[in-house]
Amino acid sequence: MKGKIRNYYAGGNTAKGFYSLYDSALSGLERLFILKGGPGTGKSTLMKKIGENFVYKGIDIEFLHCASDNNSIDGVILPQYRIGIVDGTAPHIIEPSAPGIVEEYVNLGVAWDSNKLQRSKEHILELNKGISATFDKAYKTFAESLSAHDDIEEIYISNMDFNEANKLTDDLIHQFYGQDKLNKVSDVKHRFLGAATPNGAVDFIQNLTEDVNKRYFIKGRAGSGKSTMLKKIAAEGEEKGFDVEIYHCGFDPNSLDMVIIRERGIAIFDSTAPHEYFPERDSDEIVDMYGRCITPGTDEKFANEIERTTKAYKDKMKEAISYLSEVKQLRDQLEEYYIDAMDFSKVEDIQQQLLAEIEDFIASCK
């Protein structure tokens, strides 16, 4: 039987700039290989091949996807054996905690022809400059979009019944945990379930919840307390010793979009755009924050303001995504220089060496 693949992001292009959750995503690993090398040097392909190799052997893996390239990954983890490989180049610089003991650098730069790269030095530097400037434009525009989104939130916050929101949250916490408490320290993981990418908003909610028995779909408007409720549910789970997966919003990392408590077989997530889903299993349940916590008629009363601010928010989001698409085009051009300078047979050798080391590590765990 093949292993399962879980997909998520550990870093994202957000209204706060590039935001990294790698420290949490990689915490607890006993062995971590950190890949170094320029764009187009085969890091993503190497990690995909190694990950797929273990999936076919029946081992579960996690793919950490790249928010700036829909076809690339930034890492692969074998959680059962606490071992992983990660792209350690900018913007997700990984600082080793125990170099040579836990973390080990793997340099794919040994496979490139430096003379070829030197001959294209000016073009490469110019492309790097353009990529950095365009990322800055994207982050600035995401921040402007968030400002418009905050204006939408203010409308609903001013029409919010906080007592009812607290009661709903308390009811869910009791339903999820009851009086149970586990005699262990909670393992808390912070991740992104989705990201703003060159192809628009992408999420992995369906993949992450496919083997969860009970799913709660939170419906509501911006500012209706969805993230606050998720934070309280996560905090209670941690206090009671349950392992908690906390998924941050890929647009505003200070907000939460989903919490999974696998020991309880429960997932609860913000099921509004851009990750809007509806119940499809008998066990799925809707949590209606708007109907329960917002003053009736708010949508109608503030329709003009909501329409104006929503348009401003969406227009800025669209503009920011266009910058990410422009970055992708520039990165593709940059990669061509490195691809042309690479000896991929050497990368294949590195891949086989890594595979052998990981297999030896797994064997030592049995």
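**Rings, charges and a pocket: worked exercises**

Lys-214 lies over the face of Tyr-216, 5.3 Å from the centre of the ring. Keep in mind as you work that this is a predicted model.

**Exercise 1.** Find the ring that has the charged end of Lys-219 over it, and give the distance from its centre.

*Solution.* Start at Lys-219 and follow its side chain to the charged end, which sits over the ring of Phe-278. The distance to the centre of that ring is 3.9 Å. A charge counts as sitting over a ring when, among other conditions, it is within 6 Å of the ring centre.

**Exercise 2.** Decide whether Tyr-156 and Tyr-290 are buried or exposed.

*Solution.* The cut-off for buried is under 20% relative accessible area. Tyr-156 has 3% relative accessibility, so Tyr-156 counts as buried. Tyr-290 has 16%, so Tyr-290 counts as buried too.

**Exercise 3.** Describe the pair of Phe-176 and Tyr-177, and name the cluster these rings belong to.

*Solution.* First, the geometry: the rings of Phe-176 and Tyr-177 are 6.4 Å apart centre to centre, with 80 degrees between the planes, an edge-to-face pair. Then check the burial: Phe-176 is buried at 2% relative accessibility, and Tyr-177 is buried at 1%. Finally, trace the ring pairs: they link Phe-176, Tyr-177, Tyr-216 and Phe-242 into a cluster. Tyr-216 is also the ring with Lys-214 over its face.

**Exercise 4.** Work out what lines the second largest pocket and which element gives the largest share.

*Solution.* This pocket holds about 720 Å³ of space. Its lining has 37 residues, and Pro-39, Lys-43, Asp-87, Arg-331 and Glu-335 lie nearest the centre. Sort the lining by type: 13 residues are nonpolar, 15 polar and nine charged. Then look at the elements: H2 (43–56), strand S6 (73–78), H4 (121–157) and H10 (303–341) each supply at least two lining residues. Helix H10 gives the largest share, with six residues.

How values were computed: Residues are numbered from 1 along each chain as its sequence is written. This is a predicted model: local features need pLDDT of at least 70, side-chain atom pairs count only at pLDDT 80 or more; totals for chains, interfaces and linings use all residues. Side-chain values use heavy atoms; hydrogens and water are left out. On a 1 Å grid over the protein atoms alone, a cavity is a set of points where a 1.4 Å probe fits but cannot get out, and a pocket is an open set with protein on both sides within 12 Å along at least five of seven lines; lining residues have an atom within 4 Å of a point. Grid points are joined across faces, edges and corners, and a volume is the space filled by probe spheres set on the points. Helices (H or I, at least four residues) and strands (E, at least two) are DSSP runs, numbered from the N terminus. Ala, Val, Leu, Ile, Met, Phe, Trp, Tyr, Cys and Pro count as nonpolar, Asp, Glu, Lys and Arg as charged, and the others, Gly among them, as polar. Buried means under 20% relative accessible area, exposed over 50%, partly exposed in between (1.4 Å probe, protein chains only). Rings of Phe, Tyr and Trp (its six-membered ring) pair if their centres lie within 6.5 Å; planes under 30 degrees apart count as stacked, over 60 as edge-to-face and the rest as tilted. A charge sits over a ring if NZ of Lys or CZ of Arg is within 6 Å of the ring centre and within 35 degrees of the ring normal.
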